[in-house]
Structure formats: C-alpha cells, structure tokens
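Student: Hello! I am new to this structure, and I would like to know where its descriptions come from. Could you show it to me and take me through the terms?

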Amino acid sequence: MMRCLLLLTLLCSPLIAFAEPGIPALTITTAEDGGQNYTVTLQILALMTVLTLLPAALMMMTSFTRIIIVLSILRQAMGVQSTPSNQVLIGLSLFLTFFIMHPVFDNAYQNGVQPYMDGEISVTKAIESVSDPFKEFMLAQTRESDLELFASIAGHQQLESSQDVPFSLLLPAFVTSELKTAFQIGFLIFIPFLIIDLVVASVLMAMGMMMLSPMLISLPFKLMLFVLIDGWALLMGTLASSFYI
C-alpha cells in the first residue's frame, strides 16, 4: 500500500523530492545531471497538495473505474439493491485494482522511485520513469477512436507514435474507453438475469398472480444461478483478464 502511495505521489507532482532538509523556505539545488531538487519545506507543501489528488488518480488512471461500474451493474441486475454494500464493492474493487496494477506499480517503483531514493537519478528522470508504465497501461486500454476524438477537440496534430501522446490527452481518452468497456461488460452480465425476470413475469401473468411482484419471485432463482455457475470467481477472473498489459 505504501509503495502504491509513493508511486502515485511522485507521478502527480514534479515538486516532490527526498533531498536533505534545508532551513530556508525556498532553496533549489542543481544536481550533476542537470535536475533540480527542492528543500523539505516545498516538498511537504507539494506532498500535502498532491495527497488531495490521489483518490482521483487512483480512480482515473487505474482499472478501478471499470471494476466498480461492472460490480454496480451486477448488483442492479440481480435486484439486490444494498447487498453487497457500497463499502464491500469499493473494497473489493480496490484490492482487485491493486492485483491488476501490481506489475505497473512494481515496474514504476523499481525503475523510478527506488533509483531516485538511492540518489541515482533526478526528479525529472524519476517522474518520467514512473509515468512510463502507467502511460503504457493506459494506452493499451484506450481506443484509437477516443484518442482521435480528444486530439481533434484539443487541436493536436496527427500523433506519429504512442510516445507523442501527452497525459492531458490520454487521461480523458482512457476514462472514456473504460466507461465504454465497463458498460459493454455490464450489458452482457445483465442479459441472463433479465431473461429470468421476463420468464418469471410471464409465468405469474399466465397464472393470474397480478399482485405478486415478479422481482420477489425471480430473486432466489437469480441468486441460485449466480452461485451454481461460480459467478464471483468467473466475474473476477473475467475482469482481471480483460486488462492486457
């Protein structure tokens, strides 16, 4: 968990550095490779500022968005409005996100954070090394049509390679693609439960039980179906395998 926080903090702010403490409020020193280091006063200020952005970075730059949307659609399709609770769904989404993003976090930590903490690279180089694995992951999940859409809105010229895509363009394109993919998966999940609702409603109408709620009768059958097919393992495996790195 601490490793993930270090990665997201270093990725979001170019001002964070682990230099030796300095007494002046503003002191900038130049490293041998041309990079710049800042005093602890500025580092703490930047760190406190960046901490407010960590939840947004976690949701918008990882697999969290797709997972939480699919789980919410599953709960809606099954007809259980508060089971599992929001806390359970968020916790499950977080831990599954850490599982999926572990190769990205580990790559960024080994190539960016650890060398920087050892004093081998500067802040600028560390930020580039940390952002590259995230950028590669996000590009792999982003549709070209979404990139072209936001590139045309922003007035960017035709991008020659993926390395030329800036984060300001990649972030909205990635989120848009994740929303599309999440709703596509949710649609496929919704269909079997919808069929059960239709069958139960038709049987009740044929029997003349107009006052009995079809949702009440179909809920046990939907739960039984989900348990018999080992739905949670199937869903978790499908979500994890849907991200290709």
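Tutor: Gladly! Let's start with a pair of helices: the axes of helix 4 (residues 64-78) and helix 10 (residues 231-241) cross at roughly 150° and come within 11 Å of each other. That makes helix 4 roughly antiparallel to helix 10. This is a predicted model, in which local features need pLDDT of at least 70 and side-chain atom pairs count only at pLDDT 80 or more, while totals for chains, interfaces and linings use all residues. Residues are numbered from 1 along each chain as its sequence is written, and side-chain values use heavy atoms, with hydrogens and water left out.

Student: What makes helix 4 roughly antiparallel to helix 10?

Tutor: Angles run from 0 to 180 degrees between N-to-C directions, and the axes are lines fitted to C-alpha atoms, for helices over the stretch in contact. Under 35 degrees counts as roughly parallel, over 145 as roughly antiparallel, 65 to 115 as roughly perpendicular, and the rest as oblique. The angle here is roughly 150°, so helix 4 is roughly antiparallel to helix 10.

Student: Which residues of helix 4 and helix 10 meet?

Tutor: On helix 4 they are I67, V70, L71 and L74, and on helix 10 they are W232, L235, M236 and L239. This contact has eight nonpolar residues, no polar ones and no charged ones. Contact means heavy atoms within 4.5 Å. As for the classes, Ala, Val, Leu, Ile, Met, Phe, Trp, Tyr, Cys and Pro count as nonpolar, Asp, Glu, Lys and Arg as charged, and the others, Gly among them, as polar.

Student: How do helix 4 and helix 8 lie to each other, roughly parallel or roughly antiparallel?

Tutor: Their axes cross at roughly 25° and come within 9 Å. Helix 4 and helix 8 are therefore roughly parallel to each other. Among the residues making the contact are T65, I69 and I73 of helix 4 and L179, I185 and F190 of helix 8. By class, the contact of helix 4 with helix 8 has 13 nonpolar, four polar and two charged residues.

Student: Is T65 buried or exposed?

Tutor: T65 has a relative accessible area of 10%, so T65 is buried. T65 lies in helix 4.

Student: What makes F167 partly exposed?

Tutor: F167 has a relative accessible area of 25%, so F167 is partly exposed. Its place is in helix 8 (residues 167-206). F167 and K135 are 32 residues apart in sequence and 7.7 Å apart in space, C-alpha to C-alpha.

Student: Where is D230, and how exposed is D230?

Tutor: D230 sits in the loop between helix 9 and helix 10. With a relative accessible area of 48%, D230 is partly exposed. Although D230 is not a glycine, it has a positive phi of about 55°.

Student: Which residues touch the most other members of the largest nonpolar core?

Tutor: Of its 46 residues, those are L235 and L239. A nonpolar core is a set of buried Ala, Val, Leu, Ile, Met, Phe, Trp, Tyr and Cys residues joined through side-chain atoms within 4.5 Å. Leaving aside neighbours within four places in sequence, L239 is in contact with I67, V70, L96, I100 and I185.

Student: How many helices and strands does the protein chain have?

Tutor: The protein chain has 10 helices and two strands. Helices (H or I, at least four residues) and strands (E, at least two) are DSSP runs, numbered from the N terminus. Of the 245 residues of the protein chain, 40% count as buried.

Terms used. Buried < 20%, exposed > 50% of the residue type's maximum accessible area, 1.4 Å probe, protein only.
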